[in-house]
Amino acid sequence: MGLIIYLNGKFVPEEEAKVSVFDHGFLYGDGVFEGIRAYYGRVFRLKEHIERLYDSAKAINLEIPYTRDEMSEIVCETCRQNNLKDAYIRLVISRGKGDLGLDPRKCEAPTTVCIASSITLYPPELYETGLDVITVPTRRNIAEGVNPRIKSLNYLNNIMAKMEAAIAGVQEAILLTQDGYVAECTGDNIFMVRDGVIKTPATHLGMLEGVTRNAVIELAQKRGIKVEETVLTRYDFFTAHECWLTGTAAELIPVVKIDNRVIGNGKPGPVFAALLDDFRELVKHDGSEI
Ligand code: PMP
């Protein structure tokens, strides 16, 4: 089934959605993006995703040629054009077509792409049984290099980690900061529970501030569960009673093994189950109508 793609002001069939080989997004990974999701005809936390997109763009000095409202409308209209009420949406803004040099000032205008489709990140059975993950040798980018808070088109750091997980025969990788603290996974944030308290790495350590992460923190607080955004080591996770990952594509997925240490009783835990229920309920009404 052919999709209708938004490309620089026009909706075109996917075969016609073409970008120049001189686009600096392609040549250098120079650009930013968002992964967004729609449920039941509502785009979940669209405002938060748009805000993060503009923050990422600001950080790389890229001026997006649309207002936030126009950008939100592009996302909703792309869903409408494809008759999608449930969708995974990819919004990409690159520096645009330039020459073979690095200089971003030579790029004429940003390229804007919006794709509304679907995604399956992990096999469905893993949502019941839980993931086996490892920490990988590749460290998360340092904040003074390419800050992981920028959702940039350069995902090589994450891809290297994903490859290392695959080589080890597991589905997902935990990346540590340069200092050896737990940062996040390749496309997900990470949570743990110890003695009834939820803990997740603090974003200043250098990771993406996930929209799903923030939603889960709010849901936990609504239940009266204490949440700490803090500095966590592998030891903290090895000795956790529960662990799970959050992300737009993955939603909430349990982790039952880290570096061959069984987490809790080796099964998804009760706090995870409760928050997954809350999240499934939340996406029904928390979002911008398409
Ligand atoms: N970390 C990274 C590196 C990611 O790519 C993502 C997915 N966007 C996340 C965390 C989770 O963020 P969100 O919940 O906003 O999808």
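1. Let's begin with Arg45, which counts as buried at 8% relative accessibility. Buried means under 20% relative accessible area, exposed means over 50%, and partly exposed lies in between, with a 1.4 Å probe and protein chains only. Arg45 sits in the loop between strand 4 (42–44) and helix 2 (46–59). Helices (H or I, at least four residues) and strands (E, at least two) are DSSP runs, numbered from the N terminus. The phi of Arg45 is near 45 degrees, a positive value in a residue other than glycine. Most residues other than glycine have a negative phi.

2. A word on what you are looking at: this is a predicted model, in which local features need pLDDT of at least 70 and side-chain atom pairs count only at pLDDT 80 or more, while totals for chains, interfaces and linings use all residues. Residues are numbered from 1 along each chain as its sequence is written, and side-chain values use heavy atoms, with hydrogens and water left out.

3. Asn260 also deserves a look, with a positive phi of about 70 degrees although it is not a glycine. Is Asn260 buried or exposed? Asn260 counts as exposed, at 60% relative accessibility. You will find Asn260 in the loop between strand 14 (251–258) and strand 15 (261–262).

4. Next, find Lys85 in the loop between helix 3 (68–81) and strand 5 (87–94). Lys85 is exposed, with a relative accessible area of 59%. Although Lys85 and Val43 are 42 residues apart in sequence, their C-alpha atoms are 8.6 Å apart in space.

5. Now for the ligand. Which residues come nearest to the ligand? Of the 17 residues around it, these are Lys151, Tyr155, Glu184, Thr212 and Thr248; a residue is near a molecule if one of its heavy atoms lies within 4 Å of it. The shell around the ligand divides into three nonpolar, nine polar and five charged residues. Here Ala, Val, Leu, Ile, Met, Phe, Trp, Tyr, Cys and Pro count as nonpolar, Asp, Glu, Lys and Arg as charged, and the others, Gly among them, as polar.

6. Finally, zoom in on the oxygen atoms of the ligand. A polar backbone atom of Val211 is 2.7 Å from an oxygen atom of the ligand. For Thr212, an N or O atom in the side chain is 2.6 Å from a ligand oxygen atom. Helix 6 (211–222) and strand 13 (242–247) are the elements that give two or more residues to the shell around the ligand.

Conventions
Polar contact = N/O pair within 3.5 Å; in protein donor to acceptor, adjacent residues only side chain to side chain.
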